[in-house]
Amino acid sequence: MSLSQQQIDQLIQNLYGNDNEIKTQTLKEINAVITTHWAEISEELPKLIELSETIEGIGKQYAYLVISKSYFYIESYDEAVNYALKADELFKFEGNDNYSVKMITHLIDMYIKERRQKKEVDKLMEDKMNKFFKEAIEKEEEYLTIGIALDCRRVDVIKEILGKTKEKDEIIEYLKKITNSSSVDYSLKNEVMEIVSESLNENSQIDLESISECWVKKNDGDGFMKMFNQLSEEMKMQVLLDYEGIPQKFREELISKLPEKYHKYIDGKIQEKLYLDFLFSRDKTDNLLLNNIKSSNCIKSSVIQTAVLYANAFMHYGTTNIMFLKDNNDWIINASNWGKFATTASLGVLFKGRENEALNLMSPYTANGTGGKSVYAQSGRLYALGLIFGGHGKEILTTITDDLKQSKSSKNEVLQHGACLGVGLAGIATENYELYQEVKEILINNDSAVAGMTAGLSLGLIMMGSGNLEVAQEMLTHCHETEHDKIIRGTSVGIGLVMFGMQDKADGIIDLMVNDANHVLRYGGIYTIGLAYCGTANEKAISKLLHFAVTDRSDEVKRAAVLVLGFILNKRLDELCKTILLLIDSYNPHVRYGAALALGIAGCASNDSTVIGLLEPLLKDPNDFVKQGAAIALGMVLMETSIKENDKVEKFIKDLQNKISFKGEGMLTQFGSILGLGIVNAGGRNCTISMYNNLGTFNLKAVAGLVLFNQYWYWYPFTLCLSLSFIPTTIIGVTEDLKYVESYQYISNAPSDQFDYLPMTKPPTKTGHTKMNQTKLSYGNKQAGQSLNLSSFN
């Protein structure tokens with residue numbers, strides 16, 4: 001509707017009269033034509049605002065509505081919304097005109113902003129949004145409503161939807177996906193899990209995935225028990241057996257709530273025994289391959305000898321096979337100092353699963369044992385016990401803690417180094433504050449780089465996933481007080497472990513670390529980002545990492561920033577590949593190395609053609625340590641890959657063997673190649689690497705193992721921690737009393753050769769040669785015993 005200028009002027013003039021009814025009618029007419037005459041009407045805003053304060057009845061609401069539209073047309077949207085709210089019933093959540101659409105969306109944006117900032121929301125705005133949610137639920141616009149409710153943190157609205165919806169199962173599935181979304185912060189996810197768990201309990205639904213995702217993630221023992229009690233007896237046992245790698249503190253809470261007859265299913269002993277039986281009985285280790293590596297030309301280097309020890313440990317993980325160590329006893333006995341430490345510690349990988357006999361098996365390496373004359377061997381023993389009991393340390397912690405106290409008394413930094421590692425690995429996610437204090441004393445009272453590095457990591461392991469900001473701040477303070485880079489690095493990475501899975505809750509401590517002037521502390525800050533947002537594919541975290549990968553002055557920080565992308569995007573391999581594509585050809589070799597390890601971490605046992613295609617060129621990189629990283633990463637990606645699945649795996653193994661035997665190859669490349677072969681053959685060719693358990697939650701032991709493994713760049717013995725992330729690839733059948741079933745049948749739609757082991761290395765075949773005539777050399781006529789005179793060459 002369009003009016004002449006004279007008509008508009010007359011309408012405006014009517015606003016200056018004294019008759020309330022005429023003013024009200026005039027405002028209605030102005031409201032009807034403001035779309036085409038907003039320029040003239042907006043000039044009267046001061047008069048309209050004054051009028052809104054004096055006019056009464058419905059005229060007041062029309063005054064507010066006209067003011068709102070005037071502000072809308074001059075693009076003052078906040079004021080437009082505020083006056084629209086005052087218009088009460090005249091402002092409705094309907095209409096497709098520009099004004100209605102903009103006011104609704106801007107109102108929602110303002111409401112979300114104020115809710116997120118935890119401000120006190122204006123009552124008019126709160127009432128209007130409540131009405132909006134009510135109308136949307138009545139119209140069954142459930143998914144749209146859930147999205148807005150999450151944005152403004154209105155979990156009560158989601159709860160109301162679950163109570164009224166006709167599609168409850170679908171809504172619960174949708175909410176479960178949201179809990180894994182990168183756009184929902186940690187505290188809100190917990191609230192969503194809470195209402196999902198309540199909803200499932202109310203309807204007596206049995207959903208194993210929900211048990212895992214809801215109660216394990218939020219460590220809710222009571223919620224778990226409500227669901228657990230609804231399960232059949234067989235299903236109860238299955239759920240408990242699948243709870244591998246949950247926080248030890250939560251496991252202890254469940255044990256305290258569960259009837260005693262179920263304790264054996266969740267304490268981890270049965271799983272370890274069954275895996276031990278499997279790995280021992282199905283050991284397909286290629287021993288000739290290992291011996292060929294040991295016999296190669298490069299073995300004279302102590303670094304390469306150490307790599308062979310690690311490869312042997314990986315290949316024989318959990319098999320208890322120590323024949324290689326026995327066959328090479330002289331070579332190993334001659335190892336000195338930290339070589340003895342590494343050799344002894346490697347036994348922890350071989351004896352994984354033998355928890356009942358662990359102390360006896362490692363007893364020769366005590367101070368009074370035949371192999372414990374060296375303090376380095378004693379220290380290696382403590383590290384080995386940590387590897388054996390990693391994530392299941394309840395029974396061994398007292399013993400290792402006693403050793404820790406003795407090392408403090410003796411002030412021996414070598415013993416303290418091993419004791420801290422042993423305590424930390426055995427105490428992963430126990431949140432044992434007494435243990436924390438014992439280790440902290442070593443960190444603070446003894447400014448030793450050797451002991452301090454592992455003490456800082458141990459603190460992080462003990463408090464892993466707790467999100468304890470007081471602990472994190474305490475550790476950060478010590479990073480500022482010490483001058484040792486090793487201590488700063490270990491402690492700052494430890495902070496990352498403390499903040500594992502905390503997402504936005506960790507942002508404050510992350511900002512302090514990544515903006516620090518010390519590049520080593522920034523390095524730890526990068527790991528804190530990767531661990532806080534592990535598995536979330538969070539865009540903010542990825543953007544921050546890419547920023548540091550490109551702009552930071554330190555190569556160390558750049559390398560870490562790219563590497564931890566593998567943790568954040570471990571569920572989004574395609575997305576990681578697209579991101580890495582921009583970095584893998586970087587001029588900086590540290591960035592290329594980080595890209596290789598990121599692909600290895602996220603692509604473990606994936607046999608992904610895109611990942612392999614990105615990594616293969618790096619095996620020919622001009623830089624030695626980039627080739628090292630590529631060999632390790634490809635070993636991870638090709639784990640448990642048969643020739644049927646990918647014939648490249650056979651070529652990969654041969655290429656690594658050639659690199660090991662080639663004299664002109666760099667030592668770091670040979671080191672990485674040996675590890676790559678050890679990884680691809682892990683656990684007698686029966687293991688892969690995974691950060692998750694069977695129910696889809698994080699296996700904290702495995703995550704910690706991958707983090708510590710990547711610190712091998714600074715300290716080679718950390719390499720052994722990769723074994724903490726090894727998972728046997730097997731389907732184990734058990735009887736009702738949990739005895740191992742030797743044989744049973746199940747249906748598989750895949751061809752059997754898809755699961756074939758890789759062919760064993762064949763010994764060289766002897767070939768016959770035709771006897772040839774001897775050529776008599778000129779000096780052959782000299783008399784016996786006569787030697788060449790070399791004096792003429794002086």
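Residues are numbered from 1 along each chain as its sequence is written, and side-chain values use heavy atoms, with hydrogens and water left out.

The average pLDDT (the predictor's confidence in each residue, from 0 to 100) is 86 for the protein, and 92% of the residues score at least 70. Over residues 777–794 the pLDDT falls below 50, and this stretch has two contacts (heavy atoms within 4.5 Å) beyond near neighbours in sequence. Where pLDDT is low, predicted coordinates should not be read in detail.

An automatic or database domain assignment divides the protein into domain 1 (5–202) and domain 2 (268–297 + 604–772). Taken over C-alpha atoms, the centres of the two domains are 59 Å apart.

Helix α28 (residues 449–462) packs with helix α30 (residues 485–498) at an angle of about 5°, their axes being 7 Å apart. Helices are DSSP runs of H or I with at least four residues, and strands are runs of E with at least two, numbered from the N terminus. Axes are lines fitted to C-alpha atoms over the stretch in contact, and angles run from 0 to 180 degrees between N-to-C directions. Helix α28 is therefore roughly parallel to α30, a term for angles under 35 degrees. Among the contacting residues are G452, G456 and G460 of α28 and G490 and G494 of α30.

The UniProt annotation "transmembrane region", from an unreviewed entry, covers residues 713–734; such annotations may be inferred rather than shown by experiment. In the model, this span is 0% helix and 14% strand, with its end C-alpha atoms 42 Å apart.

How values were computed. Predicted model: local features only at pLDDT ≥ 70, side-chain atom pairs only at ≥ 80, totals over all residues. Parallel < 35°, antiparallel > 145°, perpendicular 65-115°, else oblique.
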